[in-house]
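Please look over the chain shown here before reading the report on its helix packing, pockets and backbone features.

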Amino acid sequence: MKSVILAAGIGKRFKSQIPKPLHTILGISMFGWVLKEALEVTDEAIVVINPDFKVEFENSLDRIKEVFKIEKEVHFAFQNEPTGTLTALVSAAPLLTGNDTVLVLCADTPLVTSELLAEFLKQSEDSPNAILAVRTENPTGYGRIIHNDNILLKIVEEADLTEEARSIKLVNSGIYKLNWKDVIENYADVRPANKQNEYYLTDLASLLKCHVVETDNEDCLIGVNNRYQLSLVEENLIDRIIQNLAMEGVRFVKPSTIYIEPLVNIEKDCTIGPNVILKGNTTISTGTVISNSEVENSTIGKSCTLTFSVVKNSTIASNTTVGPFAHIRDGAQIGNECRIGNFVEVKNSKLEDKVKAAHLSYLGDAEVGEDANIGAGTITCNFDGKQKHKTVIEKKAFIGSNSSLVAPVKIGANSMVAAGSVITKNVPRDSLAIARARQENKEDWVRRYKRRQKDEPK
Ligand code: UD1
Ligand code: CA
């Protein structure tokens, strides 16, 4: 069986420049969530799209395949004009034959699950054409289903609602199982007899006397028609991710404030506290505690602590403390048992084990050896206005507070830099470097100054 996902609509209610199915949920285009579930129960998929956005859909598909590890075949079909869900379905014709049975889904129902689809297919086993109907207390916005003994008679859309249909609590999920030969032989009989002047797939479904399969699983079928619904659906998907991880031994504090994308891997015995954002290809190893922080495309080792910090495209080994208020970015590699404290920024730098940079520092394009101590306010001056240069701080070096290390420069092992120095030359190992004006004390200067002022005529 093949699935056909209808994704060529404009999504007027989104008020957007790009089509609704390309809008992302947890970093993945909406149609990807449907595609993933559909491919769990079918052998290949056809996504019907607007040809004007072919490139965008192709790029999204690459990402979807990577994130959800999809190996089955996915093809695009093109609906040139968005004249309705029926025309959209028929646009898949070049990729189908009369022998095919298709599972049809809408790209805007991202909460659909493969379990629900499998159940629908099972219950409709004996019927060539079937539709999944949802029993709900809130039918607003969905097509109302009129049937006779589970044989579909008519679906009345919200826009075309009659008094009689208004109170119906059985609605169209937008999911169908159809025999392709029947679709091809009958679709031309459907007229756009509705307020929108569109060709409705629902009218074909009535013509084919679809078998109505009922479910009360409303959540799975929420159609995303505006951006408010988009945010609600996203929360729902985050909740599913959190539930799965919690079952695997991850502790979440204030889960309603947490954002986690599907590629994030969190090992057991981690604690993810309030206001944590975890994005992209991120791994958090066992025992690590994170709160009020954002981590993207990064690996955090075992038993680390991260508070009020941002980590992007970087790696942190084990037992390291980060924050509050640290910024680790773009190729930073931090070793074991390091301490990266308040207002410390680390960019494209390698810090070996046990490095301490506890306060107010910028380490950019630097190599810092084991056990080095970076005093408060140390700055690597890595940019000369044109090019970036490297700073090397060898092991056990001690950089005094408020020093500037003007790159390219090297501080040898075990050396000390006096506080307030501006270092422009390499410092050999085991040395003390002082690079600032020598202090001079002018004794009694203030008293004499004040006396002079008093004696001056007004
Ligand atoms: C549709 C159903 C409605 C059902 C609801 C379930 C019709 C006429 N109505 O309504 O009975 O309750 O879904 O969520 O089918 N699309 C195209 N080309 C088009 C128009 C739409 O590909 O020309 C795609 C859209 O991208 C979308 C899907 O079809 O993914 C559904 O379209 P939408 O406009 O959202 O239909 P609804 O009004 O929600
Ligand atoms: Ca819809």
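The report below takes up helix packing, then the pockets, and then some details of the backbone.

## Basis of the report

The structure is a predicted model, and the values given here were computed from its atoms.

## Packing of H1 against H2

Two packed helices are described by the angle between their axes and the distance between the axes. Helix H1, which covers residues 30–41, packs against helix H2, residues 54–68, at an angle of about 50 degrees, and their axes are 10 Å apart. Because angles from 65 to 115 degrees count as roughly perpendicular and those under 35 as roughly parallel, H1 is oblique to H2. The crossing of these two helices, H1 and H2, is right-handed.

On the H1 side the contact involves Phe31, Gly32, Trp33, Leu35 and Lys36, which meet Phe57, Ser60, Leu61, Ile64 and Phe68 of H2. By class, the residues of this contact of H1 with H2 comprise 7 nonpolar, 2 polar and 1 charged.

## Packing of H1 against H4

H1 also packs with helix H4, residues 114–123, and here the two axes come within 8 Å and cross at roughly 45 degrees. H1 and H4 are therefore oblique to each other, and H1 passes H4 in a right-handed crossing. From H1 the contact draws on Glu37, Ala38, Glu40 and Val41, while H4 contributes Ser114, Leu117, Ala118 and Leu121. The residues of the contact of H1 with H4 divide into 5 nonpolar, 1 polar and 2 charged.

## The second largest pocket

The lining of the second largest pocket divides into 13 nonpolar, 3 polar and 8 charged residues.

## The largest pocket

What volume lies in the largest pocket, and which residues lie nearest its centre? The space in the largest pocket is about 1100 Å³, and of the 38 residues that line it, Arg13, Thr85, Asp108, Glu198 and Asn225 lie nearest the centre.

Helix H3 (85–90), strand E10 (170–179) and helix H7 (201–207) each supply at least two residues of the lining of the largest pocket, and E10 gives the most, with 4 residues. By class, the lining of the largest pocket has 15 nonpolar, 16 polar and 7 charged residues.

## Backbone features in loops

Most residues other than glycine have a negative phi, and most peptide bonds are trans. Against that background, the peptide bond from Gly323 to Pro324 is cis, with omega near 0 degrees, and Pro324 is placed in the loop between strand E24 (321–322) and strand E25 (327–329). The peptide bond from Ala407 to Pro408 is likewise cis, with omega near 0 degrees, and Pro408 is found in the loop between strand E35 (404–406) and strand E36 (409–411).

Asn297, a residue other than glycine, has a positive phi near 45 degrees, and its place is in the loop between strand E19 (294–296) and strand E20 (299–300).

## Surroundings of Glu44

Glu44 lies in strand E4, which runs over residues 44–49. Although Glu44 and Lys72 are 28 residues apart along the chain, their C-alpha atoms are separated by 5.8 Å. When residues up to four places away in sequence are not counted, Glu44 touches Met1, Lys2, Ser3, Leu39, Glu73 and His75.

Definitions and conventions: Residues numbered from 1 in each chain as written. Chains lettered and ligands numbered in written order. Predicted model: local features only at pLDDT ≥ 70, side-chain atom pairs only at ≥ 80, totals over all residues. Heavy atoms only, no water. Axes fitted to C-alpha atoms, helices over the stretch in contact; angles between N-to-C directions. Parallel < 35°, antiparallel > 145°, perpendicular 65-115°, else oblique. Left-handed = near helix turned anticlockwise from the far one by under 90°. Contact = heavy atoms within 4.5 Å. Nonpolar A, V, L, I, M, F, W, Y, C, P; charged D, E, K, R; others polar. 1 Å grid on protein atoms, 1.4 Å probe; cavity = no way out; pocket = protein on both sides within 12 Å on 5 of 7 lines; lining within 4 Å. Points joined across faces, edges and corners; volume = space filled by probe spheres on them.
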